[in-house]
Amino acid sequence: MTALAPAIARPKTATSRAAFDVISIIAGSLIVAGLAQISINLHFTPVPITGQTLGVLLVGASLGAWRGGAALLLYLAEGAAGAPFFAAHHHGVSILAASSASGGYLWGFAAAALVVGFLADRGWDRNVGSSIGAMLIGEVIIYAFGVPWLAAALHIGSNKAYEFGLYPFIIGDAIKLAIVAGLLPAAWAIVKKGRGEEG
């Protein structure tokens, strides 16, 4: 099995595979960067609502484990190097530091893309039920990194960290999860139909 993007591209030669890898990783980083600019600041928390999570899940599931993980690591490197790719055009290595309220979420993005891609490589993205499971695992990973990191950065307790870094985002992330979990199986159905495959 493989993830969606390589299944569509089906590069045959070593050169075409290398070109596909490079292009897809760069494209994945740019997709997340673009969606990061959909950003809404909330007055009570330093963590904004963004489109990044949608990009992370979509890129991870579409590219598979290593390409998806690499795309998100490239995204972090681009933002750290000065490209205005983080939420609201922010950039700089300090945003990835232990003192940054958002740093844990950003590192969690790379881990989530890797795991969601790993599950997609094993076919979890081909029907809605397992696709929801894969995306939910990805979301849990993001918050497993983000919330404790936020608590440590702001020197606050776990209850306040949940108020700042989890509860305000549940509805929005559930919507993003549903979008990707529905989109991937639909895309697979189109690919299979185009190839005359059953199921």
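At what angle do the axes of α4 and α5 cross, and within what distance do they come? Roughly 165 degrees, and within 7 Å. Keep in mind that this is a predicted model.

**Stop 1: α4 and α5**

Select α4 and α5. Angles over 145 degrees count as roughly antiparallel, and α4 and α5 are therefore roughly antiparallel to each other. The crossing of α4 past α5 is right-handed. Now show side chains. On α4, pick Ala65, Gly68, Gly69, Leu72, Leu73, Tyr75 and Leu76. On α5, the partners are Leu106, Trp107, Phe109, Ala110, Ala113, Leu114, Gly117, Phe118 and Asp121. Colour this contact by class: 12 residues are nonpolar, 3 polar and 1 charged.

**Stop 2: α2 and α4**

From α2, select Phe20, Asp21, Ser24, Ile25, Ile26, Gly28, Ser29, Val32, Ala33 and Ala36. From α4, select Trp66, Arg67, Ala70, Ala71, Leu72, Leu74, Tyr75 and Glu78. The class count for α2 with α4 is 12 nonpolar, 3 polar and 3 charged. Leu72 and Tyr75 of α4 touch α2, and they also take part in the contact with α5.

**Stop 3: α6 and α8**

Clear the selection and take α6 and α8. The axes are 9 Å apart and the packing angle is about 140 degrees. α6 and α8 are therefore oblique to each other. The crossing of α6 and α8 is right-handed. On the α6 side, look at Val128, Ser131, Ile132, Met135, Leu136, Glu139 and Tyr143. On the α8 side, look at Asp173, Leu177, Val180, Ala181, Leu184 and Pro185. This contact holds 10 nonpolar residues, 1 polar and 2 charged.

**Stop 4: the largest pocket**

Which residues lie closest to the centre of the largest pocket? Select Val47, Pro48, Thr50, Gln52 and Ser102. They belong to a lining of 25 residues, and the pocket volume is about 400 Å³. Next, highlight the elements that each give the lining at least two residues: β2 (49-50), α3 (52-63), α5 (103-121), α6 (128-154) and α8 (170-194). Finish by colouring the lining by class. There are 14 nonpolar residues, 9 polar and 2 charged.

Notes:
Residues are numbered from 1 along each chain as its sequence is written. This is a predicted model: local features need pLDDT of at least 70, side-chain atom pairs count only at pLDDT 80 or more; totals for chains, interfaces and linings use all residues. Side-chain values use heavy atoms; hydrogens and water are left out. On a 1 Å grid over the protein atoms alone, a cavity is a set of points where a 1.4 Å probe fits but cannot get out, and a pocket is an open set with protein on both sides within 12 Å along at least five of seven lines; lining residues have an atom within 4 Å of a point. Grid points are joined across faces, edges and corners, and a volume is the space filled by probe spheres set on the points. Helices (H or I, at least four residues) and strands (E, at least two) are DSSP runs, numbered from the N terminus. Ala, Val, Leu, Ile, Met, Phe, Trp, Tyr, Cys and Pro count as nonpolar, Asp, Glu, Lys and Arg as charged, and the others, Gly among them, as polar. Axes are lines fitted to C-alpha atoms, for helices over the stretch in contact, and angles run from 0 to 180 degrees between N-to-C directions. Angles under 35 degrees count as roughly parallel, over 145 as roughly antiparallel, 65 to 115 as roughly perpendicular and the rest as oblique. A crossing is left-handed if the near helix is turned anticlockwise from the far one by less than a right angle, and right-handed if clockwise. Contact means heavy atoms within 4.5 Å.
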